[in-house]
Structure formats: structure tokens, C-alpha cells
Amino acid sequence: MTLSVDVRKRQGAFQLDVAFEAPDGVTALFGRSGSGKTSLVNAVAGLAAPDNGRVAVQGETLFDARAGHSVPVHARRIGYVFQEARLFPHLDVRRNLLYGRRARGLSGEGALDHVAELLGIAPLLARRPGALSGGEAQRVAIGRALLSEPRLLLMDEPLAALDAPRKNEILPYLERLRAETGLPILYVSHNLSEVARLATHIVVLEEGRVLKSGSAEALLSDPSLVHVMGLREAGAVLTAEVAGHEADGLTELRISGGRLYLPRIDAAEGARLRVRILAQDVIVATERPENISALNVLPATVRAIRRGEGPGVIAQLQVGEDAILARITQRSAETLALSEGTACFAVMKSVAVSPTDVSQGLRREA
Ligand SMILES: Nc1ncnc2c1ncn2[C@@H]1O[C@H](COP(=O)(O)OP(=O)(O)OP(=O)(O)O)[C@@H](O)[C@H]1O
């Protein structure tokens, strides 16, 4: 495993007790405010020493309490991106980018050109941070972290300070980063749409402990986590391939359980995507509906039904090899006699999926 974390630390009344293993790619740390995300990131970075445990990245032990071993912060080769860009105001973008590199004694304009291109910041190199938008500044901060050639990138709510358009401007660059560099990233966020877009692996924290850890596909379609994800935000992701673009503005996707028609997605035929389908946008029918405006009607099987406290239930549906969630009323579940194994159809409007719910640049193994 790329990332192996097992740490315990007491902070006042709060006890952090977290263990998980994560593969290559983006590992999202997801949890409510105060669940211990930042404390965990600080322990990995070496900014706060755990009372106990072990941290290893790509086979190298950075911290081992029992062995009395702790690699100092500056020697951990970890890049850190915070909520605010924290650029040096008196240095232009080029010198900000090279700062971490110089500190590590690395040279090379070639690397700078590559990172500037990757993050779309080449036209900004001569500017001072004061002349950058929030989104541009954050891309520079990511570039600066990358240029220090870290073996792990820690990103603590890197988009939280940005408005929605600025967030949407950066997300494609983070997708490129995930696809092109293969650098392991520990990504803290309490924004589920961001997590669904970027994460290959998710660790859900609750009160300082790991509630669950697993692949993004498995966790986002787990009905037992809906209370943490939030009812309105809960939704699974489907892996898809672009089958073609149609003249009326729709894109046809192949998924393991059939075809999906969505508003045009700007991706080449054959491209692999991940599409987030919110639980509240899925209708369940026990017969194939006819004469209905929704374009997506997929054969499915009920895998689980989970009751909440209110009038709703969450149904987990198997669609081909994937699982999706449907949020319906208990009354509907009873009327349709839904239970584990019931054959049904998952019905979804095309327009329910917005472009920001589509993740691009997936690696084959992701
Ligand atoms: N130095 C400290 N001393 C005592 N308690 C602390 C200290 N640092 C953090 N805590 C407590 O530890 C808990 C976890 O905090 P942490 O910042 O890790 O949570 P978080 O999940 O990152 O929250 P947020 O999303 O709000 O940033 C909180 O209850 C916090 O009050």
C-alpha cells in the first residue's frame, strides 16, 4: 500500500485513533468539522507528533513511535497545500514556484515548464500574487508544492476558500494531476461533490476514528454512510465510457449495466469518466416505465434497503457491476414491496447530472 497510517494522539478531550491503508491516487479524508481530519494530516506531515503509532509512505517509514523514529518535517518530502495559497507577496509567480525547489537544492526550468503547463499557469509566471485571482493563486500554490518533488501531497481543504466557479476552474487541473503524475494525494474535504469527483479511495472519519475506509465507488454507494454524507448530497459514482455524441446535444455513455444519456460532455469518444448520480435523483419502478420523459431506464436489483428516521429510505441498487443509491419514501418502498433481490428499474433524468458531477482523466486502474 502507498500510504499506511496508524496513529493515536490525545488533544485535550479529543482522542485521535486512526488506522488505514490507501493505494496510489487521491485518498480523501472525509468527515464533519471536528472529526480529526486536520489533526491526522498534521500527524502525517510531522507537524504534530502522535503519542503512538506508525506512518509510512511508499514503503518508507516516516514515523514509528515504538522504534523512536521520526523523520523531521523538512526531510519528509511532503508537499502541503492549504486552504489559502500562502504565496510570498514580494516574489513573482516564477520565483514562488521555484521556492520549494531551491530549498531542496533542486534545479531545472524544465520541471517548472512542465508543472506550469499542467496547471495552466504559464501565462502568469511574471505576475505578483496580488494580481492573481483566488483560483489562479491556488493553482500556483499547488505548482509550488509539486515542484518540491514530494512523495506525497497533503491538501487540506484546498478549494474551501473559493467560490463555486473558481472551484470548478481548478477541479479539472486536479484531475489532470491525478491522471498524469500518479503522485499519492491525501485530500481533506467535507465537500462530498469534490470528494466524488477526485477520490480514488475514501477514509471517513467520525469523532477521531475511522468509520470506514475503502474505494470511492464502494463507499459512495454504501447506504450505511448516508447519515455522514448527508441525505441531499449522498450519491454513488458510476464508471463510464463515452460511446458517442448525438446531434440533439446528448452524450451516450456505456456503463456496465447499460447506456446512459446525459447532456453533452466535453470528452472524446472512448474516454473513461466517472459520473455521480445523486440518490435523490433516482426513481425506482418495478415495471419498465413507458411514455416517460426520463431517458435513462436501467434494469437493476435491490441489494439493500435502509430506513432512516424520517419518511425516507435509501435503496442500494445493483446496476450491472455497479451500485447506485436511490432515496425514496418508505411508503413507495412498501407499495412496490421492495426488498433485497427485487428486480426493478432505476430511472434517471438526463439533466439531473451536471457537468460538475462528471470526473475525467481516470487512470485505467483507478
Ligand atoms: N491543540 C489542540 N488542543 C486541544 N484540542 C485540539 C487541538 N487541536 C485540535 N483539537 C480538537 O481536536 C478535534 C479535531 O480537530 P481537527 O481540526 O483535527 O478536526 P477537523 O476534522 O479537521 O475539523 P474542520 O473540518 O473543522 O477543520 C477538535 O475537537 C478540536 O477542537
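I sorted the shell around the ligand by class first: 1 nonpolar, 10 polar and 1 charged residues. My classes: Ala, Val, Leu, Ile, Met, Phe, Trp, Tyr, Cys and Pro count as nonpolar, Asp, Glu, Lys and Arg as charged, and the others, Gly among them, as polar. This is a predicted model, where local features need pLDDT of at least 70 and side-chain atom pairs count only at pLDDT 80 or more, while totals for chains, interfaces and linings use all residues. Residues are numbered from 1 along each chain as its sequence is written.

**Ligand shell.** I listed the residues around the ligand: Gln11, Gly12, Phe14, Gly31, Ser33, Gly34, Ser35, Gly36, Lys37, Thr38, Ser39 and His190. Helix 1 (residues 37-45) gives the largest share, 3 residues. Helices (H or I, at least four residues) and strands (E, at least two) are DSSP runs, numbered from the N terminus.

**Helix 4.** I checked its length next. Helix 4 (residues 134-147) has 14 residues and reaches 20 Å from first C-alpha to last, close to the 20 Å expected at 1.5 Å a residue. The expected span is 1.5 Å times one less than the number of residues. Is helix 4 mostly covered or uncovered? It is mostly covered, with 12 of its 14 residues buried. Buried means 20 or more other C-beta atoms within 10 Å of a residue's own, exposed 12 or fewer, partly exposed in between, with C-beta atoms placed from the backbone. The cover includes helix 2 (93-103), helix 3 (109-118) and helix 5 (164-181), along with strand 7 (78-81) and strand 8 (152-156). Glu149 follows helix 4 and has a positive phi, near 50°.

**Positive phi elsewhere.** I found Arg77 at a positive phi of about 55°, although it is not a glycine. Arg77 sits in the loop between strand 6 (69-70) and strand 7. Arg77 is partly exposed, with 16 other C-beta atoms within 10 Å. Glu207, also not a glycine, has a positive phi of about 45°. Its loop runs between strand 10 (201-206) and strand 11 (209-215). Glu207 is partly exposed, with 14 other C-beta atoms within 10 Å.

**Domains.** An automatic or database domain assignment sets the bounds. I noted domain 1 (3-227) and domain 2 (235-359). Their C-alpha centres lie 32 Å apart. I counted 12 residues of domain 1 in contact with 13 of domain 2. Contact means C-beta atoms, placed from the backbone, within 7 Å.

Note on methods
Near = placed C-beta within 6 Å. Contact = placed C-beta atoms within 7 Å.
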